[in-house]
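I set out to read this structure slowly and to write down what I looked up. The entries below follow the order in which I went through it.

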Amino acid sequence: MKFFYRQMKRLMPKESGQQGFMLLEVLVSVLLFALGIVALVGLQARSLVTTDDTRYRAEAAHLADAYVGKIWAAAGGLPGAQIVAQFSTGGGAEYTDFSNQVLGGGPNSYPGIPGAIAPTVNIADLSPAYTSTAGLVNLPSVDVTIIIQWDDQEKVRHTYRQISSVGLSPI
């Protein structure tokens, strides 16, 4: 037994001031690795928020463009005052359908934009009469301002604003 004890004593390092230093190095490296992993998880979460914001902004742009397209289609046979009455905020069935598309739901079960509030549509009847002076033709038109707002998961308000000018046919 003495033989094994002597052999073990010979293999064991002599005591010095550096005992446990390797353990400390390992703990520091594990800590740095864990901080790196936490940073990567945070970066991934932020990228998901940015992706959602981009998707909702694109959806708002698509809905506003489609609504202006409906106004253009209706402008062929309606005077500016009727366009304002049908398509402005609080207007007729066209505005209600657009609001349902933004908010989600309605009779057609639109998906909507999460956290959206009722859109604002302002239509200004700019030149309600057809005039021609000195070879220049001023056709009637309306300015359409569409504002779509929504709150994201972090309760930050986002706003998409589109301003378009729609020409009316002279009636």
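**Entry 1: overall burial and layout.** I began with burial and noted that, of the 171 residues of the protein, 26% count as buried. I keep the cut-offs beside me: buried means under 20% relative accessible area, exposed means over 50%, and partly exposed lies in between, with a 1.4 Å probe and protein chains only. The model is a predicted one, in which local features need pLDDT of at least 70 and side-chain atom pairs count only at pLDDT 80 or more, while totals for chains, interfaces and linings use all residues. Residues are numbered from 1 along each chain as its sequence is written, and side-chain values use heavy atoms, with hydrogens and water left out.

I then looked up the elements and found four helices and five strands, which run α-α-α-α-β-β-β-β-β from the N terminus on. Helices (H or I, at least four residues) and strands (E, at least two) are DSSP runs, numbered from the N terminus.

**Entry 2: the aromatic residues.** I looked for aromatic pairs and found that the structure holds two. For my own use I wrote out the rule: rings of Phe, Tyr and Trp (its six-membered ring) pair if their centres lie within 6.5 Å, and planes under 30 degrees apart count as stacked, over 60 as edge-to-face and the rest as tilted. Tyrosine 67 and phenylalanine 87 make an edge-to-face pair, with 5.7 Å centre to centre and 65 degrees between the planes. This pair links distant parts of the chain, since tyrosine 67 is in helix 2 and phenylalanine 87 in helix 3 (residues 80–87), 20 residues apart. Tyrosine 67 and phenylalanine 87 are both buried.

Tyrosine 67 also pairs with phenylalanine 98, and here the rings are stacked, at 4.1 Å centre to centre and 15 degrees between the planes. Phenylalanine 98 lies in helix 4 (residues 93–103) and tyrosine 67 in helix 2, so this pair ties together parts that are 31 residues apart in sequence. I checked the accessible areas as well: tyrosine 67 has a relative value of 2% and is buried, and phenylalanine 98 is buried at 1%.

**Entry 3: serine 88.** In the loop between helix 3 and helix 4 I looked up serine 88, which is buried with a relative accessible area of 11%. A polar atom of the serine 88 side chain lies 2.9 Å from the backbone oxygen of valine 84.

**Entry 4: charged pairs.** How many salt bridges does the structure hold? I found six, where a salt bridge is a side-chain nitrogen of Lys or Arg within 4 Å of a carboxyl oxygen of Asp or Glu. In one of them, the side chains of arginine 55 and aspartate 52 meet at 3.8 Å, N to O. Both of these residues lie in helix 2, three residues apart, which is about one turn of the helix. Aspartate 52 counts as partly exposed, at 23% relative accessibility.

Glutamate 94 forms a salt bridge with lysine 70, with the closest N and O atoms 3.7 Å apart. That pair links distant parts of the chain, with glutamate 94 in helix 4 and lysine 70 in helix 2, 24 residues apart. Glutamate 94 is partly exposed at 28%, and lysine 70 is partly exposed at 32%. Aspartate 97 forms a salt bridge with lysine 70 too, the closest N and O atoms being 3.2 Å apart. Aspartate 97 lies in helix 4 and lysine 70 in helix 2, so this pair ties together parts that are 27 residues apart in sequence. Aspartate 97 is buried, with a relative accessible area of 18%. Through shared partners, salt bridges join Lys70, Glu94 and Asp97 into one network.

**Entry 5: strands 4 and 5.** Across the pair, isoleucine 148 stands opposite tyrosine 160, and aspartate 151 stands opposite arginine 157. Eight of the eleven residues of strand 4 are buried, so this strand is largely enclosed by the rest of the structure.

Conventions: Two strands pair if DSSP finds at least two bridges between them. A polar contact is a pair of N or O atoms within 3.5 Å; within protein, one must be able to donate a hydrogen and the other to accept it, and residues adjacent in sequence count only if both atoms are side-chain atoms.
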